[in-house]
Amino acid sequence: MKKAILILALATTGSVFAQKKTTTSATVKFDATTKLDALPVAENKTVVALIDTKGGTVAFEAQIKGFQFGNPMMQEHFNGPKWMDSEKNPTSTFKGKITNVADVKFDQDGTYVVNIEGDLTMHGISKPLTGKATIVVKAGAVSATSDFTIKLADYSLGNAGGKLADEPKITVSADFK
Amino acid sequence: MSADETKKGWLKKILIAAILLLLVGAGAAWYFFTQKFEDTASTKAEYTVNALDLISEFKKSDSAANKKYSEKIITVNGKITSVESADTTVNLKITNPEGSYIIFAFQQKDLADVKKIKEGDSVSIKGSCSGGSYSEILETEYITFKRCSLNK
């Protein structure tokens, strides 16, 4: 009996694990460009991401220093104590849920638009974030993309006298395994 | 010289100084705004390390290793354990037996060479270390690099 319970427990954890797909090469693009300044745009290609195809949990972890700018001065300002302060707040995270995960058939090829609700943490501040994402299932592989805007003021980040967009655009893409 | 002429002379000097300052300022602004990162291939590495040793060093003390390596150009030698597509580009990854890993994102100009690399290949990579963190998602330490170049 005990053995049966143990086997059952192992089998359950095993299947739960299989529903969690991750990647260590998700990309997050940050675009705060304005007519005054074309430089504040960066990309982080080494973001850790997770999707739970059963429960609908989604999570992202991005190192702030992993954002690559074209301009060295802009990268320094982004990480500096007056902005992200990456020494004190080294990572930004998103933890949330796909609210209509049952609509996605992860065992069938297709494109699905889903609703996501969660909390985005950056600069040491957590705020609720809701948005849409597109999930593509193709030959068993799951990929997801999403774009949304955030309000700098919500995360107590300044707009450098109007040179930065008050609501920068964030683009996320992930190929899960 | 009358008082009026002295005043005019001063005004002229102030005007010239202001124009000079403006030109210097504009020049400095131009320099900073058009500046680009140097090609990593032509930048000297501050440290040369073995990949698995670097992971161990970060696991031993994340804060000490971050202080030592963050934002420094480092050459890392090791055997590639996986090649991952990242949007339209490719990342190389070296994972230790416990699942902790280093991941390298490359400069655009190196991508053609990077795409030729396969699992199991021994490589030497030079890049800017973005530091290490503990991933709550994967429950492991990970170290990321950006702007990498393959050493030939």
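The talk below takes the terms one by one.

Reply: This is a predicted model: local features need pLDDT of at least 70, side-chain atom pairs count only at pLDDT 80 or more, and totals for chains, interfaces and linings use all residues. Residues are numbered from 1 along each chain as its sequence is written, while chains are lettered from A and ligands numbered from 1 in the order in which they are written.

Me: What makes up the helices and strands of chain B, and how many are there?

Reply: Helices (H or I, at least four residues) and strands (E, at least two) are DSSP runs, numbered from the N terminus. By that rule chain B has 4 helices and 7 strands. Along the sequence they follow α-β-α-α-β-β-β-β-α-β-β.

Me: Why is strand 6 of chain B called mostly covered?

Reply: Count C-beta atoms, placed from the backbone, within 10 Å of a residue's own: 20 or more others make it buried, 12 or fewer exposed, and anything in between partly exposed. For chain B as a whole, buried residues make up 31% of the 152 residues.

Me: What makes strand 6 of chain B and strand 7 of chain B a pair?

Reply: Two strands pair if DSSP finds at least two bridges between them. Here there are 9 bridges, so the two strands pair, and they run antiparallel. S135(B) stands opposite T140(B) in strand 7 of chain B. The hairpin has 4 residues between the strands, and E139(B) there takes a positive phi near 55°.

Me: Which bridges tie strand 2 of chain B to strand 6 of chain B?

Reply: Strand 2 (residues 73-79) of chain B pairs with strand 6 of chain B in the antiparallel sense, over 7 bridges. K79(B) has S122(B) as its bridge partner in strand 6 of chain B.

Me: What counts as touching between chain B and chain A?

Reply: Two residues are in contact if their C-beta atoms, placed from the backbone, lie within 7 Å. The contact takes 28 residues from chain B and 23 from chain A. Among the elements of chain B giving two or more residues are helix 1 (3-34) and strand 6 (122-135).
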